[in-house]
Amino acid sequence: MEARRNQEKERQSQIFNVRTRLMGMDVEALNSQVEKQKLREATERRKEAAYGTNQVQYDLVAQLLDKEQAERTRRLAKKVQEYREQKQQLKNRCEFELWDPHQLQNEFPAHLSDIGPHCGPASLQWFSGEDLYRATCLRMQQEQFRYSLERQLQEQQQAKADEKCADMLSDQLRLAMDMRATQLAKLEESCRMAMMSAMANANKAQAAELAERQHCEHQCEQEANLMEIQNQITRDLLTENPQVAQHPMAPHWVLPYCWKGMIPEQQPAIRRVQEAQHSEKEAQRQAEQALDAEWESQAMRSAQAAMELEEQERELCAEFRRGLGSFNQQLAKEQNAQQNYLNSIIYTNQPTAQYHLQFNTSSR
């Protein structure tokens with residue numbers, strides 16, 4: 001980000017600097033940009049090649065590890081299958097007698113030999129102390145012992161072969177990894193040397209370009225200084241001519257960068273105008289003060305009138321309440337007189353029970 005910011009500042013200085021700005025196409029800048037782009041692309045290609053080499057090495061190591069894992073899985077599955085075939089046969093299970101399809105057939109077998117559970121002493125097939133199957137048992141024991149020895153020898157040979165194969169694979173894997181590491185180291189060294197060479201060339205080119213640019217800038221600066229000195233000497237900037245500050249298109253306008261101040265004839269006119277403006281401002285201020293005083297007096301009169309209206313309203317409300325009170329008192333006296341008249345004259349004879357009885361009889 002800092003390098004990009006510096007490049008942007010350098011580009012802006014080349015564009016906005018009048019002394020070094022070029023009108024048209026800057027061939028040197030374009031060539032330097034092309035060289036930088038080529039160097040960047042070469043660096044990216046070298047990085048991609050190194051990354052591809054690393055990927056090839058990792059793929060090779062992964063393939064060797066997968067092959068070794070597959071071989072180990074195959075040997076383990078083979079051993080499990082052999083164990084199942086030898087130790088986990090169907091007839092050797094504990095629950096085989098429960099669902100043996102030939103159980104009834106084998107429960108009472110035919111005469112197989114002279115000694116059997118179904119041949120008693122009365123059958124005269126065998127006698128006490130007699131061993132008819134001793135030779136068979138010895139032969140079976142010898143065969144079983146020979147089979148066990150052969151099996152152990154095979155297992156030992158297989159274990160030695162597996163160990164030898166694993167050692168050979170590990171040696172091959174280690175040798176391949178060492179060779180690949182050597183190749184990667186050589187490739188990295190070559191890439192580093194190429195990058196250092198390219199960086200040195202780029203630094204030399206940048207140094208030469210910077211020296212040439214500084215020389216050109218120094219030369220342009222010297223020429224600009226000489227030109228500025230000559231312009232300062234030959235033009236009217238350092239003179240006291242007041243006409244230099246007048247605009248060529250509008251004489252009443254002033255050029256700020258050429259104005260040297262007012263002439264003695266202009267100062268009294270400016271002061272008279274200032275005094276007129278001050279008098280006008282004072283008159284305007286007095287008029288505003290008079291208007292403010294008028295508004296304040298008007299506001300005070302309005303407030304006093306409002307207070308008088310409120311006083312009149314309060315008096316009218318009090319008078320109304322007094323009249324309403326006297327009217328209510330008169331009305332109460334009349335109602336009391338009416339009630340006394342009804343109670344003392346109209347309602348003197350109270351009806352008795354006989355009156356109600358006669359009234360009900362007559363109505364029926």
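**Entry 1: ground rules**

I count a salt bridge when a side-chain nitrogen of Lys or Arg lies within 4 Å of a carboxyl oxygen of Asp or Glu. By this rule I get 14 salt bridges. I am working on a predicted model, where local features need pLDDT of at least 70, side-chain atom pairs count only at pLDDT 80 or more, and totals for chains, interfaces and linings use all residues. I number residues from 1 along each chain as its sequence is written, and side-chain values use heavy atoms, with hydrogens and water left out.

**Entry 2: confidence**

I looked up pLDDT next, the predictor's confidence in each residue, from 0 to 100. The chain averages 80, and 80% of the residues score at least 70. Where is confidence lowest in the chain, and where is it highest? I found the lowest mean, 64, in helix α3 (residues 103-107), and the highest, 88, in α5.

**Entry 3: overall layout**

I took helices (H or I, at least four residues) and strands (E, at least two) as DSSP runs, numbered from the N terminus. Contact, for me, means heavy atoms within 4.5 Å. Among contacts with a separation of 6 or more, 43% join residues 24 or more positions apart.

I call a residue buried under 20% relative accessible area, exposed over 50%, and partly exposed in between (1.4 Å probe, protein chains only). How many of the 364 residues count as buried? I get 7%. I took accessible areas from the Shrake-Rupley method with a 1.4 Å probe; for residues, only the protein chains shown count as cover. The chain exposes about 32,400 Å², and carbon and sulfur atoms supply 57% of that.

**Entry 4: helices α2 and α4**

I checked end-to-end spans here, with the expected span set to 1.5 Å times one less than the number of residues. Helix α2 (residues 27-87) has 61 residues, which should span 90 Å; its end C-alpha atoms are 88 Å apart, which agrees. Helix α4 has 101 residues and should span 150 Å; I find its end C-alpha atoms 144 Å apart, which again agrees.

What covers the buried residues of α2? The cover includes α4 (134-234), and in turn the cover over the buried residues of α4 includes α2. On the α2 side, the buried residues include Ala-29, Ala-42, Arg-46, Val-61 and Arg-75. On the α4 side, I list Arg-151, Asp-162, Leu-173, Leu-184, Cys-191 and Ala-198.

**Entry 5: the charged pairs**

I started with Glu-71 and Arg-75, whose side chains meet in a salt bridge (3.9 Å, N to O). Both lie in helix α2, four residues apart, about one turn of the helix. An α-helix has 3.6 residues a turn, so residues three or four places apart point the same way. Glu-71 is partly exposed, with a relative accessible area of 25%.

Arg-75 also meets Asp-162 in a salt bridge (3.7 Å, N to O). Arg-75 lies in helix α2 and Asp-162 in helix α4, so the pair ties together parts that are 87 residues apart in sequence. Are Arg-75 and Asp-162 buried or exposed? Both are buried.

I then looked at Arg-301 and Glu-294, which form a salt bridge with their closest N and O atoms 3.9 Å apart. Arg-301 is partly exposed at 44% relative accessible area, and Glu-294 is partly exposed at 47%.

**Entry 6: two last spots**

Arg-213 lies in helix α4 and is partly exposed, with a relative accessible area of 25%. Which residues does Arg-213 contact, leaving aside its neighbours within four places in sequence? I find Glu-10 and Gln-14.

For surface patches, I used residues with over 30% relative accessible area and no salt bridge, joining like charges within 9 Å and nonpolar side chains (Val, Leu, Ile, Met, Phe, Trp, Tyr) within 5 Å. Val-254, Trp-259, Met-262 and Ile-270 form a nonpolar patch, with about 370 Å² of accessible area together. Met-262 sits in the loop between α4 and α5 (266-346) and is partly exposed, with a relative accessible area of 38%.
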